[in-house]
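Please keep the sequence and the coordinates at hand while reading.

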Amino acid sequence: MSEHGADVGLIGLAVMGQNLALNMADHGFKVVVYNRTTQTMQDFVAAHPAGSFGELGGSLEGYEELEDFVSAIRRPRRIVLMVKAGAGTDAVIKALMPLLDEGDIIVDGGNARWDDTARREREAHEEGIRFIGSGVSGGEEGARFGPSLMPGGDKEAWPMLEPIWNAIAAKVDAKTGKPIEGAAPGKPVQGGVPCTAYIGPGAAGHFVKMVHNGIEYADMQMICEAYDLMRHLAQLQPSECAEVFARWNKGDLDSFLIEITADILRQRDPSTGSPFVDVVLDAAGQKGTGKWTAVAALDMGVPAATIAEAVFARALSADRDGRETASKMLSGPNGYAIGVLDDRFFEDRERFIDAVGQALYCAKICSYAQGFALMAAASQEFGWDLDLGEIASLWRGGCIIRAKFLQKITDAYGKQRDLRNLLLDPYFTDVMQKHQEAWRNVIAAAAMAGVPAPAFASALTYFDGFRASRLPASLLQAQRDYFGAHTYERVDAPRGKHFHVTWPADERVEVEV
């Protein structure tokens with residue numbers, strides 16, 4: 001370690017923490033690490049001795065005592081936390097505080113609840129410590145070779161973190177927006193636009209990361225629904241589905257999740273030789289960020305039903321015993337093959353497969369529209385001034401939902417920063433106009449055959465609801481006024497004027513409230 005101290009410290013050496021530390025060292029930074037379990041730290045440092053990090057001069061050193069770790073970092077200190085969200089993060093921050101000096105920076109890179117981040121930022125500020133809550137997306141490989149990074153919090157602290165975050169973030173081509181690949185240990189990617197930017201004050205960074213994860217839930221669920229439809233209606237084998245996904249990955253649906261889906265569906269189980277997907281138990285887990293997104297949408301009154309449906313689909317899958325019992329007692333429609341549906345919806349299997357791809361793209365657009373609408377609402381409520389186009393641009397590389405069409409979202413907000421909804425951008429409006437008939441037919445076919453497609457259907461309902469100039473909520477509000485005197489507005493009066501009718505008298509009297 002140089003006499004001036006380390007550039008950055010990192011606490012928490014699970015897989016994500018280890019890979020982020022290696023990424024920083026690859027980019028020439030002098031990194032010190034600390035872990036509650038000392039042996040983990042010692043093994044990690046021993047596996048990466050001096051000279052492991054290429055030509056940029058980075059290094060890695062570990063400390064057994066937290067006080068020694070803090071002392072080894074030059075001031076103002078930059079300390080990255082990669083520890084378990086919740087009580088674990090609070091415990092580390094509590095232990096750190098007495099050891100820090102005014103102006104030092106804590107960066108929480110865990111999957112923290114955004115409201116926890118807001119609290120921690122306030123508490124740190126009161127102690128003279130700068131706090132940044134940064135979303136880190138991309139999984140283990142992203143952390144090692146280039147994640148998407150979403151920092152929010154103390155804006156004055158950002159310039160001191162920015163050189164590190166710019167260096168280690170994923171990079172995209174400045175002209176095409178496509179990810180630049182080819183990073184290897186000791187050989188980081190050079191050039192390109194980094195997939196990071198200051199998001200906004202307070203908890204903005206972790207809120208945006210939460211929404212990213214909510215969109216990810218919807219993306220994954222819709223891909224699974226497309227697979228299920230092709231498997232059971234078009235009667236494709238997993239390997240045949242893999243070829244369809246590979247073909248889709250060359251077009252508008254080009255994305256990391258589509259790419260890995262093709263890889264998974266090609267895989268065979270080493271033990272049985274069966275398709276790998278057939279030996280995986282159909283009970284999905286979750287860590288909570290999708291649920292947090294749905295809860296935030298409910299709290300703010302933003303319709304994000306497709307994201308919520310994806311969360312509920314995981315919950316339903318987890319009740320495998322219940323479903324197993326129900327499958328023996330509850331019957332569905334007869335005929336579980338495309339042949340039964342030919343005359344009603346599709347001329348042949350290939351047209352059905354193409355329609356599924358079109359439905360997937362339309363539903364995907366709607367789920368992103370919901371996520372971006374939620375971020376816009378939070379930005380307004382909390383005064384974050386989020387740049388939604390910039391957020392879309394930093395999701396183009398490194399993160400799990402990286403996809404070709406994020407460039408279209410970047411372009412849409414570039415043309416109109418205050419765009420009310422993605423569906424109102426000409427590109428997306430045109431896609432919906434072009435593909436909605438196929439989308440509707442796919443959902444109709446799924447319903448007739450008894451194949452669940454909750455995210456596909458929810459997204460269509462969102463689309464139809466958003467484009468409706470009048471909804472039956474008029475009756476709903478009348479009901480609310482009838483039983484609870486909740487008042488209503490009139491179509492022939494200015495917005496904001498409320499009325500109440502005295503129910504249920506024979507001669508009802510309307511009064512302005």
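Helix H8 gives the largest share of the lining of the second largest cavity, namely three residues, where helices (H or I, at least four residues) are DSSP runs numbered from the N terminus. The model is a predicted one, in which local features need pLDDT of at least 70 and side-chain atom pairs count only at pLDDT 80 or more, while totals for chains, interfaces and linings use all residues. Residues are numbered from 1 along each chain as its sequence is written, and side-chain values use heavy atoms, with hydrogens and water left out.

A cavity is a set of points, on a 1 Å grid over the protein atoms alone, where a 1.4 Å probe fits but cannot get out, and lining residues have an atom within 4 Å of a point. The second largest cavity has a volume of about 30 Å³, a volume being the space filled by probe spheres set on the points, which are joined across faces, edges and corners. Its lining consists of Asn111, Ala112, His206, Lys209, Met210, Thr289 and Trp292, and the elements that contribute two or more residues to this lining are H8 and helix H12 (289-300). By class, the lining residues of the second largest cavity divide into three nonpolar, three polar and one charged, where Ala, Val, Leu, Ile, Met, Phe, Trp, Tyr, Cys and Pro count as nonpolar, Asp, Glu, Lys and Arg as charged, and the others, Gly among them, as polar.

In total, two cavities of 30 Å³ or more are counted. The largest cavity holds about 60 Å³ of space, and among the residues that line it are Asp219, Ile223, Lys364 and Arg402. Helices H8 (204-232), H10 (256-266) and H16 (349-382) each give two or more residues to the lining of the largest cavity, which divides into six nonpolar, one polar and three charged residues.

A pocket, by contrast, is an open set of grid points with protein on both sides within 12 Å along at least five of seven lines. The second largest pocket contains about 890 Å³ of space; of its 45 lining residues, the closest to its centre are Pro179, Glu181, Gly397, Gly398 and Arg402.

As for the cysteines, the count of disulfides (pairs of cysteine sulfur atoms within 2.5 Å) is zero. For Cys224, the nearest cysteine sulfur, that of Cys241, is 12 Å away. Cys224 is partly exposed because its relative accessibility is 45%, whereas Cys241, at 0%, counts as buried; buried means under 20% relative accessible area, exposed over 50%, and partly exposed in between, with a 1.4 Å probe and protein chains only.
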